[in-house]
Amino acid sequence: MSDAVKISPSILSADFGDLSRAVYVVEEVGADSIHVDVMDGHFVSNLTIGPPVIRSLKRSCTVPLHAHLMVDNPDDSLDWYLDAGVDGVTVHVETTRHLNRALAHAKESGVKAGVSLNPSTPIAALRDVLADADHVLLMSVNPGFGGQSFLRSALRRLDELVALAREMGASPTIEIDGGITAANAPDVVREGARVLIAGNAVFAADDPGAALRELRAAAETGLTARD
Ligand code: DX5
Ligand code: ZN
């Protein structure tokens, strides 16, 4: 398991009127990637942005841009995001019957391919796809909106996920998404998360750059506490 913690700010909580500036601000202080929440108003009851905005945003990104697809039937739309230039894509286990095929297709396109699951979807649902996933994005809120409270059950689920990956001989990067703050960052890292997605904790702060730095420093204390 990697000993480096990565921070991926979610632009869902940024100013949609100036996303390029939001990206610039967090890249300036070392954001490892940009997390773009794609919502279709069906899988989740919110509607955000899609391929045209991603294509434009990609032009101003200097770090990898990852699309979190909270959409029904991603098999039909996956190519839209690959064509828009994403560097990584995450598909929800709840949205497709052909998860292995979706992951293989993304990887064949040279893109990091991962799976996500909602807080009430059993970790065991990943058993037969873990080996094919570059990353697993564990939801610590019910998807659809930023600024929600962290579900503490995610800590047990992280532990369960680490154990399942070990059992399956798989080593996906473990990501956590939803309600992540400097207060809970050490806990999620201690339980195995290595990429922390944070929206409100960064973009709702008066100084997003300082907030990202504080989040990273807090997260890294979780590495030492584990030893
Ligand atoms: C929720 C999204 C998350 C969210 C994170 O459906 O997948 O990425 O934007 O935002 P915070 O950190 O505010 O919970
Ligand atoms: Zn997300």
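View 1. With 227 residues, a compact globule would come out near 17 Å, and the chain has 16 Å, so the two agree. (The radius is taken over C-alpha atoms, and the globule rule is 2.2 Å times the number of residues to the power 0.38.) This is a predicted model, where local features need pLDDT of at least 70 and side-chain atom pairs count only at pLDDT 80 or more, while totals for chains, interfaces and linings use all residues. Residues are numbered from 1 along each chain as its sequence is written, chains are lettered from A and ligands numbered from 1 in the order written, and side-chain values use heavy atoms, with hydrogens and water left out. Along the principal axes, the C-alpha atoms fill a box of roughly 45 × 45 × 30 Å. You'll find eight helices and eight strands here (DSSP runs numbered from the N terminus: H or I of at least four residues for helices, E of at least two for strands). Of the contacts with a separation of 6 or more, 66% link residues 24 or more positions apart; contact means heavy atoms within 4.5 Å.

**View 2. Ile11 sits in the largest nonpolar core.** That core has 70 residues, and Ile11, Leu126, Val188 and Leu196 have the most contacts inside it. Leaving out residues up to four places away in sequence, Ile11 touches Phe16, Leu19, Val23, Ile34, His35, Val36, Ile49, Leu57 and Phe203. Across the chain, 56% of the 227 residues are buried (under 20% relative accessible area; exposed is over 50%, partly exposed in between, with a 1.4 Å probe and protein chains only).

**View 3. Ligand 1 is surrounded by 21 residues.** The closest are Gly144, Gly147, Asp177, Gly179 and Gly199; "near" here needs a heavy atom within 4 Å. On the polar side, a side-chain atom of Asp177 lies 2.6 Å from a ligand 1 oxygen. Asp37 puts a polar side-chain atom 2.9 Å from an oxygen of ligand 1, and a side-chain N or O atom of Ser10 is also 2.9 Å from a ligand 1 oxygen. Taken alone, ligand 1 exposes 380 Å², and the protein buries 99% of that (Shrake-Rupley areas with a 1.4 Å probe; for residues, only the protein chains shown count as cover).

**View 4. His68, in strand β3 (residues 65-70), pairs up with Asp37.** Beyond four places in sequence, its contacts include Asp37, Thr90, His92, Ser116 and Asp177.

**View 5. Asn118 lies in the loop between β5 (112-117) and β6 (135-139).** Asn118 counts as buried, at 13% relative accessibility. Not counting residues up to four places away, Asn118 touches Phe43, His92, Glu94, Met139, Pro143 and Arg157.

**View 6. Ala182 is in the loop between β7 (173-177) and α6 (185-190).** At 24% relative accessibility, Ala182 counts as partly exposed. Past four places in sequence, Ala182 touches Glu214, Leu215 and Ala218.

Conventions. Core = buried A, V, L, I, M, F, W, Y, C linked by side-chain atoms within 4.5 Å. Polar contact = N/O pair within 3.5 Å; in protein donor to acceptor, adjacent residues only side chain to side chain.
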